[in-house]
Amino acid sequence: MNDQAGRRRARRLAIGTVVVLALAGMNGPWLYRVGTEKYHQYQINKPEYKAENGKWQIVEFPEEYRQNTIHAALLRTGKVLLVAGSGNNQDNFDAKKFDSRIWDPVNGTIKKVPTPSDLFCTGHTQLANGNLLIAGGTKRYEKLKGDVTKAGGLMIVHNENPDKPITLPAGTKFTGKENGKTFVSKDSIIVPRAKKNFDKATGKFLGNTPGIYRVYVEAQKSGEKHATGTQDNYRIQGLTGADARNTYGIAQKLAMDKKDFQGIRDSYEFDPVAERYIKVDPMNEARWYPTLTTLSDGKILSVSGLDDIGQLVPGKNEVFDPKTKKWTYLDTTRQFPTYPALFLMQNGKVFYSGSNAGYGPDNVGRDPGVWDVDTNKFTKLPGLSDPKLMETSGTVLLPPAQDEKFMVVGGGGVGESAKASNKTRIIDLKADNPKFVDGPTLEKGTRYPSSSILPDDTVLVSGGSEDYRGRGDSNIHQARLYHPDTNTFAKVADPLVGRNYHSGSLLLPDGRVMFFGSDSLYSDKANTQPGKFEQRIEIYTPPYLYRDARPDLSGGPQTIERGDSGTFTSQHASTVRKVRLIRPSASTHVTDVDQRSIALDYKVSGDKITVTVPKNRNLVQSGWYMLFVDDDQGTPSKAQWVKVP
């Protein structure tokens, strides 16, 4: 903008402000508010404002299609899968009312999808075939201490018979040998047979190691007097003879304490073409709040979560083989809090940023580091600021992915802490001695920030709240664009909708960003009015889409092998300055380990652009990607979908 145009613009703004203030003086506070809001709308809709700050727009579905969206994933069809399950609503859970929707952001259509299990608080990731793998969910809602009427907890069932497993139906009764109190199992179980142990050198028999199985049990009757305070052995009613001698239960305290959520083992692939869930082999462990991460060999690692009795899975991690559709345990164990942020590195190891969603001891598995899954070696990484405020923080692999720099955004204290961090922390994993350093600070301490990579190499950071689940009306109506090249934030237009717990964002193929969810505890500053789940979708259109034109992109192959090239057509080929391959997001609970933006080498000849995909399979995981080209103004094309086999 030249000086003369700048002076004209400043004069128009000044005159407009005077008019609004004059009207307010004559007509009182009401007209002032109305005039100010109208003026605000006028300002944010001016072309020059949108070209600098972008614009937000609310999408509100017809009432019959609204749901409490907890999870969202961009499908290779360009449509978005919105998953609620029971939507953090126990009435829905009790009625087995589980919801999913398919939304087409181009045509504006939305439809319901039959949902087979309660996929509330599941894990998910993109698969090489373009399907979405979904694993885990909810078996039981939590019960607060005041709502618990029957004592209950963990019963460990032992089987000392090496010749056969023992099957016990749901409703099996366990009676304490010392306390005489009876507890009832909630599920049927199969207790594996005992393992025979021999000395390898001499062949001498050393005895049996009992097979064990864990099951949740509750007292037969309500009331504190039926609780226990100490460990006891329990005989199992209905067993006779050798089975009665070989099979027994051991339980610690079975009390009236708060009962956490319980997970399920169910796993599905969602087919984006058929638009339906396909059941696959269940996990070995039930998981609620798990993270799914693609490994170097293309298998999917499932980590953490609350199990089928409401306890943190004790480091028993497992992998899904997309070829066999089966899950197998890792040989070693490593424990993390729930929804840990785990990213595949270019050397095949896994980076853990320390970001998580809570649930788990505050002194176990919370240090950031590099995990060699094959050897189970974990190398801690130093320098993290606000290390005690990592719950509900977000982590993003900064573009381009080749640089292997990560940014951790905000976060809060353990559990329902009111503490929140205004820090961003950046780490360069290609450095000789990687360590976290502080990036630009946020204006406010921020829990639940959403971060989405854009095709111009900026990162949109938006939303969140200053307190746990937006308590005290603390949602943050701010958005910033992070510029990795200058390590700075630039303020952009403010979102219209507050977002905290159960919210997220994802990049759409047209370069816009979609935001979903939010689950405030309260709706007022005094924390007296219950919050209402935010069912509206909000779309942010970045500044780059308010320029005069954007480059076109068409043609080209639908599949490009690693190390190979593909040629596309663009009338604006001569203006192209960068090409990016962006993996589609699968987002929940501020956890999105799928998104990454990979820089591609390219050559231009006339109206042809030939792009080359890097060879490293850890950098470019198998699957479907959005291919964008950016012009010399930083304006991206619409994406072309490309499969890397």
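This is a predicted model: local features need pLDDT of at least 70, side-chain atom pairs count only at pLDDT 80 or more; totals for chains, interfaces and linings use all residues.
Trainee: Let's start with Trp103. Why is Trp103 called buried?

Mentor: Its relative accessibility is 3%, and buried means under 20%, so Trp103 counts as buried. You'll find Trp103 in strand β4 (residues 99-104).

Trainee: Which residues does Trp103 touch?

Mentor: Leaving out residues up to four places away in sequence, its contacts include Val59, Phe61, Lys79, Ile110, Met514 and Ile539. Arg550 sits 447 residues from Trp103 in sequence and 25 Å from Trp103 in space, C-alpha to C-alpha.

Trainee: On to charges. What makes Lys186 and Glu218 a salt bridge?

Mentor: Their side chains meet at 3.7 Å, N to O. The cut-off is within 4 Å, so the pair qualifies.

Trainee: Why do we say that this pair ties together parts of the chain?

Mentor: Because Lys186 lies in the loop between β12 (182-185) and β13 (189-191), while Glu218 is in strand β16 (residues 211-219), parts that are 32 residues apart in sequence.

Trainee: How do you know whether Lys186 is buried, exposed or partly exposed?

Mentor: Its relative accessible area is 45%. Exposed needs over 50% and buried under 20%, so Lys186 is partly exposed. Glu218, at 13%, counts as buried.

Trainee: And what about Arg471 and Asp467, what makes them a salt bridge?

Mentor: The N to O value is 3.0 Å, and within 4 Å is what the name asks for. Arg471 is buried at 16% relative accessibility, and Asp467 is buried at 16% too.

Trainee: Lys525 and Asp473 have closest N and O atoms 4.0 Å apart. Why is that called a salt bridge?

Mentor: The limit is within 4 Å, and Lys525 does form a salt bridge with Asp473 at 4.0 Å. This pair links distant parts of the chain, 52 residues apart: Lys525 in the loop between β39 (513-517) and β40 (537-541), Asp473 in the loop between β35 (459-462) and β36 (479-483). With 63% relative accessibility, Lys525 is exposed, whereas Asp473 at 41% is partly exposed.

Trainee: Which residues are joined into one network?

Mentor: Lys79, Lys111 and Glu275, through salt bridges that share partners. Across the whole structure, a search finds 31 salt bridges.

Trainee: How do you know that Lys259 has no salt bridge?

Mentor: The nearest side chain of opposite charge, Asp257, is 5.7 Å away, and a salt bridge has to be within 4 Å.

Trainee: What lies 2.8 Å from a polar atom of the Lys259 side chain?

Mentor: The backbone oxygen of Gly152. Gly152 is also one of the residues Lys259 touches, along with Arg140, Glu142 and Tyr216, among others.

Trainee: Last topic: what makes a group of residues a nonpolar core?

Mentor: They're buried nonpolar residues joined through side-chain atoms within 4.5 Å. The largest one here has 35 residues, and those with the most contacts inside it are Phe351, Leu581, Ile598, Val620 and Leu627. Elements giving it two or more residues include β42 (576-583) and β47 (623-631). A second, separate core of 31 residues includes Ile110, Val492, Val513 and Phe515.

Trainee: Which residues does Leu627 touch?

Mentor: Among them are Leu553, Phe568, Leu581, Leu600 and Val642, again skipping residues up to four places away in sequence.

Methods
Residues are numbered from 1 along each chain as its sequence is written. Side-chain values use heavy atoms; hydrogens and water are left out. Buried means under 20% relative accessible area, exposed over 50%, partly exposed in between (1.4 Å probe, protein chains only). Helices (H or I, at least four residues) and strands (E, at least two) are DSSP runs, numbered from the N terminus. Contact means heavy atoms within 4.5 Å. Lys and Arg count as positive and Asp and Glu as negative; His and the chain ends are not counted. A polar contact is a pair of N or O atoms within 3.5 Å; within protein, one must be able to donate a hydrogen and the other to accept it, and residues adjacent in sequence count only if both atoms are side-chain atoms.
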